[in-house]
Amino acid sequence: MDAPPLSAPLNIGFDYTRSLGPVLSRFMTGLRERRVLGSRTADGRVHVPPLEYDPVTHAPVTELVGVRPTGTVRSWTWTDRPLDGQPLDRPFGWALILLDGADTALLHAVDAGARDRMHTGLRVRIRWAAQRSGHIRDIECFEPDSGEPFPQAEPDSAEPVTVMTTPIRLSYTHTTSADESRYLRALAEGRLLGQRCPVCHKVYVPPRVCPADGVPTQEEVTVHDHGTVTTFCVVNVPFAGQRLEPPYVVAQILLDGADIPIPHLIVGLPADQVRMGMRVAAVWRDPQSWTTTPENIAHFRPTGEPDSPYESYREHL
Amino acid sequence: MSTPEVAVIGFAQAPCLPSAGTTSGVETLVPIFQRALAAAGLDRREVDFWCSGSSDYLAGRAFSFVNAVDAIGAYPPICESHVEMDAAWAFYEAYVKILAGEAETALVYGFGKSSAGLLRRVLALQLDPYVTAPLWPDSVSVAALQARFALDAGIVTERAMAEVAARSRADAAANPYAQISGVFKIDELLDAPYLADPLRAHDCAPVSDGAAALVLAAGERARRQPRRAWISGVAHRIDPQGLGERDLTRVPSATAAAEAAGLPGDLDVAELHAPFTHQELLLRAALGLGDRVRINPSGGALCGNPMFSAGLARIGAAAEQVMSGRARKAAGHATSGPALQQNLVCVLEAK
């Protein structure tokens, strides 16, 4: 019985920047100045958030009108345990809120304190964020309406908001296949493991379902840590997180006994001397540091053997 | 030139599990391709067109659908396509491909490891990216807002919602691929705490890993196979994206899709893709399904909801009802987007 497949946390993030266009630009600029604008369509209805095109006439929407920062809860739910990124980090209500002067409801959070205070028909008001940039999060949240006066909206500024940035952060658990797990566990022991397809007999490193035949590979094959450069590129462009100083070489290396090359670094000679067919060998890190990762091999180095003839690897390009 | 007839000739699915398999899904797909093709009596090389539904957001991997092509055995080169939606929409693409005469057979598949991330949070990213997604409203909360509207309007009750859950779980006992099944008392279900008021755990589909594959063939090709369910109509429609832009208690896109697909009045069975109990009740009203129509004999998405294949699995389950002779006319329904925004209806007949 195999050990369970390996898994590891995978956290990814990207700051999405989006151009706003004429309607959303005015809407977001308005939020920055503590005013809410809705779009008026040909039927006279006021949409908040605004629509860019009239859903009936399909004409671009040009008329934006101000609505009140107060409104009525049309529907709601309650969140006991807020998730990362949500407007509040304590229990709160989600609500669809019809702002006074609008004909469509806006989704946002209501800081009601307790579930018992939420109900359909609840009167709420905007709580503006202290720092505003022209973003939907300029509305920090809504709160039950106290009836207190609002601070004055700021006068129109000269600089409209034209781009909004939204950071997206996602957390996953990445899980390998049973085959990949065996490969990674063998790497932790300093071995390179392949598996042979029962149909075409090709050896895949790392092991995978045979992409040519669509069948699982089963027979384990130990491959050597020596191989042949099939093709390569010289990296001249610096990028975030880069570990080597450009120029350096990333090559496809066909390990002896394998039928599919693996990508790795070539170190030990100037980038402009790396060539197709060059014989290379793995340079392993200190065995004390080995774990279930291909990074146990620091890079490949030239062996000085004669180059392999093109015919020996042309099927693997 | 007459329009070719198209039939479902094979279907297979993986068991719905709370956590299963790799993030890539390849190992899950290999056996269900084999089973679906065996049921259809086809070799993989006889498949003219392959089409899949999946999303990279589900497992946080770029080009996961390209990775999944390994499971096909794409040599010699194949004709392949992909939709970033439930595979029911890949099914639609394959159906049109066959109608257009560009393929005689097709295999449609959907897959995904819903458990790789926090699914209800990941699904916030399908919402409007300017005014809604930056607030991260989770999919269960969005569904709860819809349920509240329906409760306030007197269209559904919490008891009727619990009855949907109890019936689904009882039916799922006969479905070996279901994740949740068994006999539950309505009053005990209603005693449970709210997950997202007014939704309780039984109102929400579980998070499921899984996959499904379905084989289509045209005319004579389908007639040669042992079992088939003829497609008499398929259509899909969409409602506005803004959650405040539509009446969330109605599903006009489902009604329009049913009309365009020619949903018959004498339907025997409907497999509805309703990941929340109140959504089944809204869909039954939108599709005009009366009491004599058997709803979700498989237990439905409430008993196993693998993202990107649960909708295709509804079509497959409806087709199996016809292929097995249990129904003469069946409908498969799929939904996509928040709060039943987009809907597809497929009508299947024995003929």
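This is a predicted model: local features need pLDDT of at least 70, side-chain atom pairs count only at pLDDT 80 or more; totals for chains, interfaces and linings use all residues.
**Entry 1: strand β7 of chain B**

I started with strand β7 of chain B, which covers residues 209-218. I asked how many of its residues are buried. The count is 10 of the 10 residues, so the strand is largely enclosed by the rest of the structure.

I then sorted the residues by the way they point. In a regular strand the side chains alternate between the two faces of the sheet. Asp209(B), Ala211(B), Ala213(B), Val215(B) and Ala217(B) point one way from β7(B). Gly210(B), Ala212(B), Leu214(B), Leu216(B) and Ala218(B) point the other way. I noted that the residues on both sides are buried.

Next came the partners. Strands of a sheet pair through backbone hydrogen bonds, either parallel or antiparallel. Strand β1 of chain B (residues 6-13) pairs with β7(B) in the antiparallel sense, over seven bridges. Strand β4 of chain B (residues 105-113) also pairs with β7(B) in the antiparallel sense, over nine bridges.

I picked Leu214(B) to follow across the pairings. Leu214(B) is the bridge partner of Phe11(B), and Val108(B) stands opposite Leu214(B) as well.

**Entry 2: strand β1 of chain B**

I asked whether β1(B) is enclosed or open. Eight of the eight residues of β1(B) are buried, so this strand is largely enclosed by the rest of the structure.

I also looked for a further partner of β1(B). Strand β8 of chain B (residues 229-238) runs antiparallel to β1(B), and two bridges join them.

**Entry 3: two helices of chain B**

Two packed helices are described by the angle between their axes and the distance between the axes. I looked up helix α7 (residues 158-172) and helix α11 (residues 277-287) of chain B. They pack at an angle of about 100°, and their axes are 8 Å apart. Angles of 65 to 115 degrees count as roughly perpendicular, and α7(B) and α11(B) are therefore roughly perpendicular to each other.

I listed the residues that make the contact. From α7(B) they are Ala160(B), Met161(B), Val164(B), Ala165(B), Arg167(B) and Ser168(B). From α11(B) they are Thr277(B), His278(B), Glu280(B), Leu281(B) and Arg284(B). By type, the contact residues divide into five nonpolar, three polar and three charged.

**Entry 4: a sheet in chain A**

I turned to chain A and found an open sheet of three strands in the order β3-β2-β4, with antiparallel pairing. Which strands stand at the edges? They are β3 and β4 of chain A, and each has a single partner strand, so one side of each is left without a neighbour in the sheet.

I checked the pairing of β2(A) with β4(A), which is antiparallel and has four bridges. In it, Leu37(A) stands opposite Gly66(A) of β4(A). Helix α1(A) lies across β2 and β4 of chain A and runs at about 155° to β2(A).

**Entry 5: backbone exceptions**

Most residues other than glycine have a negative phi, and most peptide bonds are trans. I looked for residues that depart from this.

For peptide bonds I noted two cases. A cis bond joins Val48(A) and Pro49(A), with omega about 0°. Pro49(A) lies in the loop between β3 (46-47) and β4 (64-67) of chain A. The bond from Asp197(B) to Pro198(B) is also cis, with omega near 10°. Pro198(B) lies in the loop between β5 (194-196) and β6 (199-200) of chain B.

For phi I also noted two cases. Arg34(A) has a positive phi, near 65°, and its place is in the loop between α1 (21-32) and β2 (36-40) of chain A. Trp136(B) has a positive phi, near 55°, and is found in the loop between α5 (119-122) and α6 (139-152) of chain B.

The cut-off for buried is under 20%.

**Entry 6: domains of chain A**

Last, I looked up how chain A is divided. Its parts are domain 1 (11-169), domain 2 (176-221) and domain 3 (224-317). The centres of domain 1 and domain 2 of chain A, taken over C-alpha atoms, are separated by 53 Å.

How values were computed: Residues are numbered from 1 along each chain as its sequence is written. Chains are lettered from A and ligands numbered from 1 in the order in which they are written. Side-chain values use heavy atoms; hydrogens and water are left out. Axes are lines fitted to C-alpha atoms, for helices over the stretch in contact, and angles run from 0 to 180 degrees between N-to-C directions. Angles under 35 degrees count as roughly parallel, over 145 as roughly antiparallel, 65 to 115 as roughly perpendicular and the rest as oblique. Contact means heavy atoms within 4.5 Å. Ala, Val, Leu, Ile, Met, Phe, Trp, Tyr, Cys and Pro count as nonpolar, Asp, Glu, Lys and Arg as charged, and the others, Gly among them, as polar. Domain bounds come from an automatic or database domain assignment. Buried means under 20% relative accessible area, exposed over 50%, partly exposed in between (1.4 Å probe, protein chains only). Two strands pair if DSSP finds at least two bridges between them.
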